[in-house]
Amino acid sequence: MINLLVHFVLMLAMPPLLLGVINKTKALFAGRKGLPLLQNYYDLIKLARKDVVISQTTTWIFVAAPVISLTGIVMAGLLVPLGPFQSPISFTGDLILFAYLLAVGRFFTTAAALDTGSPFEGMGAAREVTFACLSEPVLFFALLVLAKMSGTLILGDLLHAPLTVGIQGAAASLVLVAIGMFIVLLAENSRIPVDDPNTHLELTMIHEAMVLDHSGPLLGLILYGASVKLFVLSAVLLHILFPFQSGYALLDWSLFMVEMLGVAVAIGVVESIMARLQMRHVPYLLIAAILFCAFGFVLLVR
Amino acid sequence: MTAPSELLTTRNGEAVALEKIPRHDLAAFQRIASGAVEGGQRVASFFGYDAGELGGIDLLMVLANDEDGQLNILSTSIEGNSFPSMTPDCNQVHLFEREIAEQFGVRPEGHPWLKPVRYQASWRPGRDAWNRPGNQPIVPGSGDFYRVEGDEIHEVAVGPVHAGVIEPGHFRFQCHGEHVFHLEIALGYQHRGVEKALVEQPAKRALHYAENLCGDTAIGHSTAYCQVVEALSGCRKTVRAQALRGIALEFERLANHIGDLGALSGDAGFLPTASYCGRIRGDFLNMTAVLCGNRFGRGMLRPGGAGYDLDDAGIEDLLTRLEAGEKDAASAIELLFDTPSVLARFEGIGLLPADVCRELGIVGPAARAAGLERDVRHDHPSGIYRFAQLPLPTWNSGDVFGRAFVRWLEIKHSITFIRDQLHALPAGDVRAVTGPLKPGHLAVSLIEGWRGELCHVALTDAQGKFRRYKVTDPSFHNWAGLAYALRDQQISDFPLCNKSFNLSYCGHDL
């Protein structure tokens with residue numbers, strides 16, 4: 001029961017901190033002081049108190065989309081176990097629900113972008129959908145590897161496969177899957193080298209371009225949803241990267257949080273040491289991620 | 001080649017009597033001009049001015065012969081409301097002819113793309129090349145744009161208000177998905193009427209108009225202005241003043257080039273160099289402030305010399321700062337060029353090949369990045385550049401990488417130049433007296449600003465006041481180059497291409 005509560009609290013409260021850690025890491029590399037660690041919380045509070053400006057060309061979709069996306073991502077987060085603990089909800093085949101809860105959020109975000117009729121938003125939506133088509137197979141191949149290892153289709157159990165089944169015989173596959181999933185983590189959360197979260201240049205944006213017309217609390221929901229997504233996908237990746245369990249709940253929770261911050265630091269380092277890819281090279285990166293995970297699967301079943 | 005009598009040959013920073021300028025009928029003028037351009041000369045400036053009581057307008061062209069370091073001048077006059085365009089035979093004049101049409105309400109017939117340049121009202125009331133009603137304000141960016149038709153073609157309009165804190169300009173892309181077929185740029189939002197304000201000058205205010213023509217080229221434009229005044233008044237400026245001006249001009253180049261490389265890095269999403277260069281640019285601006293108390297060099301220039309002298313303590317201070325700045329810039333910028341993911345963004349993007357540069361009359365780092373050896377400091381040296389030559393760096397790719405790399409090479413050469421000048425600063429006064437301007441004369445002044453060639457041309461009337469003052473900023477030549485460089489590119493690469501040119505809106509809009 002306590003673990004369930006911790007799951008909820010961490011999933012809802014920790015995500016903006018991850019963005020703060022990423023920003024601090026980037027600032028360190030650039031020789032700057034950087035934003036305060038908690039700046040993203042302040043931003044969300046600020047946005048929550050603002051008014052909303054809604055374009056007359058938009059319909060209910062524009063307002064509903066941020067709410068639906070956030071709901072989708074939070075529900076997806078309830079299917080994913082954090083660290084060695086159990087997930088709040090699980091049933092056979094819930095991995096499909098997980099993938100499509102993420103997709104529902106994306107569908108409504110892109111629909112809302114098209115709803116505005118702005119060329120920037122349409123361009124962003126086209127890019128988002130194109131790249132999502134390539135990152136979805138990565139996720140499925142990764143889950144397939146874990147399903148094969150564990151022999152189950154319950155997301156919570158198959159993510160624990162490296163812990164329960166052990167990594168003997170699957171180490172090579174897991175390394176490949178981890179690389180593929182890390183690329184998807186960067187792509188899905190619009191980080192460098194796929195997207196640049198800091199840019200103000202509409203023509204180069206992917207995710208940011210889709211939310212240009214949102215303001216106030218709606219924008220707050222979108223930003224918060226994006227950070228929860230980062231948290232959830234990082235949690236998935238952590239199962240593959242650090243399958244450890246001490247048996248003491250307090251120690252395991254602390255370990256999980258440290259690992260989570262570690263992922264944020266890793267993202268910050270990647271963003272600091274490399275430039276963005278050309279837009280037309282992004283598919284190559286994602287196809288490479290598909291191949292990593294696909295070969296991971298081949299290695300396992302050969 | 002053209003016979004000598006057809007053109008008046010002069011040099012950068014010299015005054016010539018107006019009546020010595022050969023005057024041709026329009027057909028001969030156009031034949032000689034396009035012949036000279038075909039022979040490798042460049043249209044540095046081409047403009048109209050009121051012919052006087054007759055009511056017609058005179059056209060005057062300054063051709064730069066970079067090989068011989070000469071400037072060739074010729075003129076003609078046009079009557080009536082139109083004249084045959086020479087753009088189809090000589091692409092370099094395309095924007096000059098549009099400007100003449102806009103300022104004087106005459107139509108260059110046969111111009112392939114006759115649109116206003118700055119969306120300003122004609123200088124001759126009641127005459128308008130587009131027959132727009134005189135009682136309504138003219139809205140910049142209005143009118144038709146070039147359109148590509150097709151079911152899958154879409155149009156993207158960016159600006160005039162941009163997301164960053166930059167100047168206003170309108171960009172219209174014709175795209176097929178991510179692929180750009182055509183880009184058209186509409187400017188004029190920053191038009192202030194500087195050329196008109198400079199007529200009847202020089203009064204004290206004229207220098208400030210020059211300093212504020214284009215805020216990031218304050219030293220470049222004010223040097224060009226001072227050179228015009230000095231040429232027309234026959235002033236002999238001292239060597240010390242010339243050295244100080246050269247130092248100031250190179251500091252301006254350094255600050256802007258370093259800022260540009262940082263901005264390019266930022267647009268490619270490479271953060272370390274972007275952050276460091278932002279700071280280092282400030283260090284170089286502060287060095288300009290050591291010279292004259294203003295970070296952008298305002299007040300540094302005065303007709304006849306410099307506004308401020310540099311004492312020994314100042315020289316020491318500058319040398320120390322320069323050394324620190326050089327080290328910081330080298331480590332930040334070498335990191336940029338050593339990072340493969342940055343090079344992948346820079347190489348092969350925004351191609352502007354040498355033949356197109358030649359055709360459009362591109363100047364500055366953009367031309368040198370395509371391999372053209374085009375630099376006023378080298379081709380038409382004036383001031384200190386006659387005594388101290390800078391190496392002329394070029395690259396052969398004509399892409400974003402080339403434009404970035406040429407900037408880096410120029411940074412290194414400019415630092416060496418400044419250090420040499422500071423170590424051997426000639427003694428003497430910093431300012432000579434400028435007398436009244438010679439009446440009925442013309443002077444051309446070329447300066448290699450950090451963006452490229454700045455061209456100021458002044459004509460004096462019988463009282464020694466400016467009858468016409470023509471400013472050509474490098475951006476005036478190069479905006480067309482940016483539009484060309486975007487063809488067949490990805491629209492997501494536009495910000496990077498744009499930054500690699502980093503053109504001025506107010507320098508173009510005047």
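**Domain arrangement and chain contacts**

In this predicted model, the centres of domain 1 and domain 2 of chain B, taken over C-alpha atoms, are separated by 27 Å. Domain 1 of chain B covers residues 4-109 and domain 2 covers residues 194-472. Contact between these two domains involves 22 residues of domain 1 of chain B and 26 residues of domain 2 of chain B. On the domain 1 side, the elements that give two or more residues are β2 (14-17), β4 (42-50) and β5 (57-65) of chain B. The most comes from β4(B), which gives six residues. By class, this side of domain 1 of chain B consists of twelve nonpolar, seven polar and three charged residues.

The UniProt record, an unreviewed entry, places the feature "domain: NADH-quinone oxidoreductase subunit D" at residues 267-432 of chain B. Over this stretch the chain is 57% helix and 2% strand, and the end C-alpha atoms lie 46 Å apart. Helix α7 of chain B (residues 271-292) has 22 residues, which at 1.5 Å a residue should span 32 Å; the end C-alpha atoms of α7 are 32 Å apart, in agreement with this expectation. Just after α7(B), B:G293 adopts a positive phi of about 85°.

The contact between the two chains takes 22 residues from chain A and 25 residues from chain B. On the side of chain A that touches chain B, α2 (15-30) and α12 (249-273) of chain A each supply at least two residues. The largest share, three residues, is that of α2(A). The side of chain A that touches chain B has ten nonpolar, five polar and seven charged residues.

Definitions and conventions
Residues numbered from 1 in each chain as written. Chains lettered and ligands numbered in written order. Predicted model: local features only at pLDDT ≥ 70, side-chain atom pairs only at ≥ 80, totals over all residues. UniProt positions renumbered as here; feature names shortened; annotations may be inferred. Helix = DSSP H or I, 4+ residues; strand = E, 2+ residues; numbered from the N terminus. Contact = placed C-beta atoms within 7 Å. Nonpolar A, V, L, I, M, F, W, Y, C, P; charged D, E, K, R; others polar. Expected span 1.5 Å × (residues − 1). Domains from an automatic or database assignment.
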